[in-house]
Every structure is written in structure tokens, then in C-alpha cells.
Amino acid sequence: MTDGQNPGSAEATAPPAGAETPTSSTPHGNATLASEAPVGDALPNSTDPGLSVPMRTTDLSCFFGKHKAVEDISLAFPEKTVTALIGPSGCGKSTFLRSLNRMHELVPGAYNTGTVLLHDQDVYAKDTDPVAVRRAVGMVFQRPNPFPTKSIADNIWSGPKFNRVKGGKAERDEIVERTLRGAGLWDEVKNRLHAPAGGLSGGQQQRLCIARALAVEPDVLLMDEPCSALDPQSTLRIEDLIRELKDRVTIIIVTHNMQQAARVSDYTGFITIENEGEPGRLIETGLTRDVFGNPTHPRTEAYVTGRFG
Ligand SMILES: Nc1ncnc2c1ncn2[C@@H]1O[C@H](COP(=O)(O)OP(=O)(O)OP(=O)(O)O)[C@@H](O)[C@H]1O
Ligand SMILES: [Mg+2]
């Protein structure tokens, strides 16, 4: 499909406030869980009533006109975690991801049923501003898509400017530097902030796109195969960055790279189409180490071991 490369799509307005606590004993949703409850130092204790879950879906289905591409996915994405979505080509990973920040509906005839909650706010409620949703839920695409003729600094500043953040030169410079540092790009570009972004390498452009998404301080960052156009070294840099960022922003990443999912994510959801013509469904979800090391569903095992898909 087209992956909806949409320069500046992460730019929008105020994020909704509030926090949600999980009601179930696991942060993830309706699929078979490989383990009863997450354990381990790096992972949140999902039974902790104080655990914040910035985003969750309930029975989310995604349609292109009459075609149902994704069916009834219920998933929760706890704060300070990375969730990887994996599954064979065409199972609906991008469609699901784009439904989380109301980008799916930008395709003519496309719509969703079910619920997406961002904190306590229904993303699809009549009075929810989709532009506000897209600011709070930023997105990074497969191919880096900076504004190529704009300067590096202006790429960063484009989001705050769109949101009518007022600020003198000092404030602007501070935001640009802080954001580029946060995306691990500052040292490489600090002497060429006013050069066109199109002159950066692919890996640098992707980190600039991540920085641009972060400049509006989103709560959730969606990443759709963010490294698939990059060389191994740039890929590892982005993975390092993902690990650093998760303390600040909840990350949901689609990847075809099983090693990448295993390296960067805390949780994994496996989506697949069981029979030709059916929609994609969530087959299994849980701690990444369980989904990869001890999957409960034979399809998951076949997929993660490379025997299918
Ligand atoms: N713009 C569109 N119009 C109609 N159908 C679409 C459109 N985009 C995607 N689809 C269909 O929706 C289904 C899910 O596609 P999607 O791109 O979400 O899959 P994916 O899991 O991201 O695949 P890949 O791993 O190849 O990126 C597919 O059947 C696809 O053909
Ligand atoms: Mg895709």
C-alpha cells in the first residue's frame, strides 16, 4: 500500500490530558497471553494500579470501503514501553497503526469501528479534533520524509510553528537544540542548522523526522518500519534512540525485522490473516521474550522462526 508519507503529519495541537489505569491483569488485550503477568526489572508491573496506559484500543476494526482489513483488535500500550507489531505483509499493521492517530480516515472511503482511547479521551468522538490527536500521537514513516528544501532547524520548528507556539529566537534555538539532542543528531548537524534537510544522509534524515515528531512533545510515537530504508549502522542508532525515548513517549513500532522487535520492544503483538480474504487479527500478544521464546500459537511460532510469512 501507500504508506501515506505525509510531511509534517505529526504536527497538530494540544494533547488531551489525563491518565488511564489498566483494569485487566495484563497491559495487553484480547489475544492469548504467553505469560500471565509481566515480570522483570525493565518492565512495568501490569498489576500496579498506578500504571499509566496512554493508549488502548478496544475491538478496533479498519475498513477500506467494504473491505475489512483489520478486525477487532484490543490492545493496551503502557507508558514507558515499546510495543512491536509484527506479521506478514498485508495483514494490516500499517492500517492499524494509522488508525491510532486518525490518519487512516484520510484515505477516501476508509473508516474505523471500535474504540481508541488516548488517556481518557475517545480519539474518534465527534468533538475530538483529529489535528489534536495527530499532535499527541506522532508518526514516523518507512522512508524519511523531511521537508527537503527547508533547513534542518526549520524542519524542527515547523511543528511548534504550526501549533502557533510563540517564541523569540532564543526560545526557538533552545527548542531546536533540545529536540536535536533528544534525537541524537545535534553533534552531527549543529554547524549546518540552516542547510537544507535534503542534504542529510538517509539515517540522519530519519533521525530528523523523529526529532520533528518529538518537537511537539507527543504522548505516543507510531513508527512504521522506520529502519527499513536504512543501513545496519543507522538502524542500530535508531534502535538506541528508541530505547532512550521510551521513558518520555510510548512507542508502537511496526517491523519486519524479528531481531529488531526482539532488541527494542517490551511487548509484541502478532497480527496475521488466517485464511485468504479474511481481515488481519491479533493472534498473540505478550512480553516480547515470551512471544519470541515461548509462543503459544503455532502460527506465531512459524512466523517468528521464519517458517511462514
Ligand atoms: N489505500 C488502500 N485502499 C484499499 N485497500 C488498502 C489500502 N491500503 C491498504 N489496503 C489493504 O489493506 C490491507 C492491509 O494493508 P497494510 O498496508 O495495512 O498491511 P501491512 O501489514 O502494513 O503490510 P506490509 O507489511 O506489506 O506493509 C491489505 O489487504 C491492503 O491491500
Ligand atoms: Mg505496512
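This passage describes the fold of one chain in a predicted model, from its overall make-up to selected elements and residues. Local features are reported at pLDDT of at least 70 and side-chain atom pairs only at pLDDT 80 or more, while totals for chains, interfaces and linings use all residues. Residues are numbered from 1 along each chain as its sequence is written, and chains are lettered from A and ligands numbered from 1 in the order in which they are written.

The chain contains ten helices and eleven strands; helices (H or I, at least four residues) and strands (E, at least two) are DSSP runs numbered from the N terminus. The chain has 309 residues, and 49% of them count as buried. A residue is buried if 20 or more other C-beta atoms, placed from the backbone, lie within 10 Å of its own, exposed if 12 or fewer do, and partly exposed in between. Two residues are in contact if their C-beta atoms, placed in this way, lie within 7 Å. Of the contacts between residues at least 6 apart in sequence, 73% join residues at least 24 apart.

Strand β4 (residues 82-86) is largely enclosed by the rest of the structure, because five of its five residues are buried. In a regular strand, side chains alternate between the two faces of the sheet. In β4, Val82, Ala84 and Ile86 point one way, and Thr83 and Leu85 point the other way. Strands pair if DSSP finds at least two bridges between them. β4 pairs in the parallel sense with β9 (residues 250-254) over four bridges, and also in the parallel sense with β10 (residues 267-272) over four bridges. Leu85 has Val254 as its bridge partner in β9 and Gly269 as its bridge partner in β10.

Helices α6 (residues 202-214) and α7 (residues 232-245) pack at an angle of about 20°, with their axes 9 Å apart. Axes are lines fitted to C-alpha atoms, for helices over the stretch in contact, and angles between N-to-C directions run from 0 to 180 degrees. The two helices are therefore roughly parallel, a term for angles under 35 degrees. The contact involves Gly202, Gly203, Gln206, Arg207 and Ile210 of α6 and Ser234, Arg237, Ile238 and Leu241 of α7.

His119 lies in the loop between β5 (110-118) and β6 (121-122), and is partly exposed, with 18 other C-beta atoms within 10 Å. Glu225 lies in the loop between β8 (220-224) and α7, and counts as buried, with 20 C-beta neighbours inside 10 Å.

Technical notes:
Angles under 35 degrees count as roughly parallel, over 145 as roughly antiparallel, 65 to 115 as roughly perpendicular and the rest as oblique.
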